[in-house]
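Good morning, colleagues. Please look at the sequence and the model as they come up, and I shall then go through the main features in turn.

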Amino acid sequence: DDQLLEQKLDDKDAEMPQYLIGEVAEKHVTGGGEEEEDKQVEITEEEASRIRQELDSAMRKEMANSNLDDAKWGEQWEKLTILTGGLSRRLCEQLRAILEPISATRLKGDYKAGKRINIKKVIPYIASQFRKDKIWMRRTKPDKRDYQVMIAIDDSESMMVNSAGTLALEALATLTQALNLLEVGDISVLSFGDRVNLIHPFGQPFSHTSGEKALSEFSFEQKTTEWAKLIKSVIQMLADARNSKSVRSRTSSGQQVLQLVFIISDARMQQDRDKVARWCREALHRGQLLVLLVVDSPDPKHSILKLRSVTYPNGKLKI
């Protein structure tokens, strides 16, 4: 009886796809699968608070000293990845439902001509005396994400004054890790203030070394935040990236490259809001989606919810 039971189990394993066998074996060994993985990377609130204090203190000291080696920035990026590891995995699963695969790389369908024969259709094809001739498959099933995602971080002085600088860098680590896990496509990083600085261009993978370089480029010392200049520069950069990608990987389908921009800032907007709104509409018209992530101050007195704007419609003061 034992031998017969083992033979049945072996037969079931042979019928089961290899990726499912690996998943079952992994859950059996770890005793819980995904929950076990989360326990391995989750840290306590006390540890997270301690790492944030170390990061904030280290960033302030390192920003005052421009002659730092890459090893110091690498240590800080390593701490950020540890701190945001669990959040990045949860964010990845949420983005998986939003950013759907758009590049058709898998074979699908019943066609009279194609790239590969569907073996399951061969016998019905012969039995029908060669009438049911739709036995070919084509690469028409979306299976790969191919987005261009840009992350723009406010590098102005107000970010450090409002204690939002370290939190913005945490957001950078969370987003880049989540997007890499999702294999979303191309990732770009830039900083902005009174000038726009491209830190990591499209077309290059965002690695641990890229994270080190990104940290070293932020100073949070720029005096102003030129929002109109930022949106205008982002539109031009994305247009150039789209044209460059179309030239490199021109396809017969002519599918448009989808572009997404995460802007991380404390959202202190001092300039002409109407001009910024016009540039935002231009970005939307070009198919570029802008997402503003507001990093608020932990001090309620300096929260963005407490800010008021002053306008003069028809020459009258309005708050």
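E282 and R286 form a salt bridge in this predicted model, with their closest N and O atoms 2.8 Å apart. Both partners are partly exposed: E282 has a relative accessible area of 27%, and R286 has one of 34%. A search of the whole structure finds five salt bridges, and I shall mention two others. R96 pairs with E93, the closest N and O atoms being 3.3 Å apart. These two residues both belong to helix α5 and are three residues apart, about one turn of the helix. R96 is partly exposed at 35%, and E93 is partly exposed at 49%. The other example joins D194 to R195, again with closest N and O atoms 3.3 Å apart. Here D194 is partly exposed, at 27% relative accessible area, and R195 is likewise partly exposed, at 49%.

Which residues have the most contacts inside the largest nonpolar core? They are I151 and L172, in a core of 38 residues. At least two residues of this core come from each of α4, α5, β4, α7, α8, β5, α9 and β7. The greatest contribution is that of α8, with eight residues. Setting aside neighbours within four places in sequence, L172 touches W77, I151, I153, V189, A214, F218 and I264. Apart from this core lies another, of 17 residues, which includes L190, F192, I235 and V261.

Because 13 of its 18 residues are buried, α8 is largely enclosed by the rest of the structure. E183 follows the helix and has a positive phi, near 55°.

Just after α11, G287 takes a positive phi of about 80°.

Next, strand β4, where M150 is found. Is M150 buried or exposed? It is buried, with a relative accessible area of 1%. Beyond its neighbours within four places in sequence, M150 is in contact with S188, L190, F202, V234, M237, L238, L260, V261 and F262.

A word on the backbone. Most residues other than glycine have a negative phi. F220, however, has a positive phi, near 55°; this residue sits in the loop between α9 and α10 and is buried, at 2% relative accessibility. A267 also has a positive phi, near 60°. The location of A267 is the loop between β7 and α11, and at 17% relative accessibility it counts as buried, because the limit is under 20%.

Finally, the surface. V310, Y312, L317 and I319 make a nonpolar patch of about 480 Å². Where is I319 placed? I319 lies in the segment after β8, a strand of residues 288–294. At 65% relative accessibility, I319 counts as exposed, since the threshold is over 50%.

Note on methods: Residues numbered from 1 in each chain as written. Predicted model: local features only at pLDDT ≥ 70, side-chain atom pairs only at ≥ 80, totals over all residues. Heavy atoms only, no water. Patch = residues over 30% accessible without salt bridge, like charges linked within 9 Å, V, L, I, M, F, W, Y side chains within 5 Å. Areas by Shrake-Rupley, 256 points an atom, 1.4 Å probe, with all protein chains shown as cover. Salt bridge = Lys/Arg side-chain N within 4 Å of Asp/Glu carboxyl O. Helix = DSSP H or I, 4+ residues; strand = E, 2+ residues; numbered from the N terminus. Buried < 20%, exposed > 50% of the residue type's maximum accessible area, 1.4 Å probe, protein only. Core = buried A, V, L, I, M, F, W, Y, C linked by side-chain atoms within 4.5 Å. Contact = heavy atoms within 4.5 Å.
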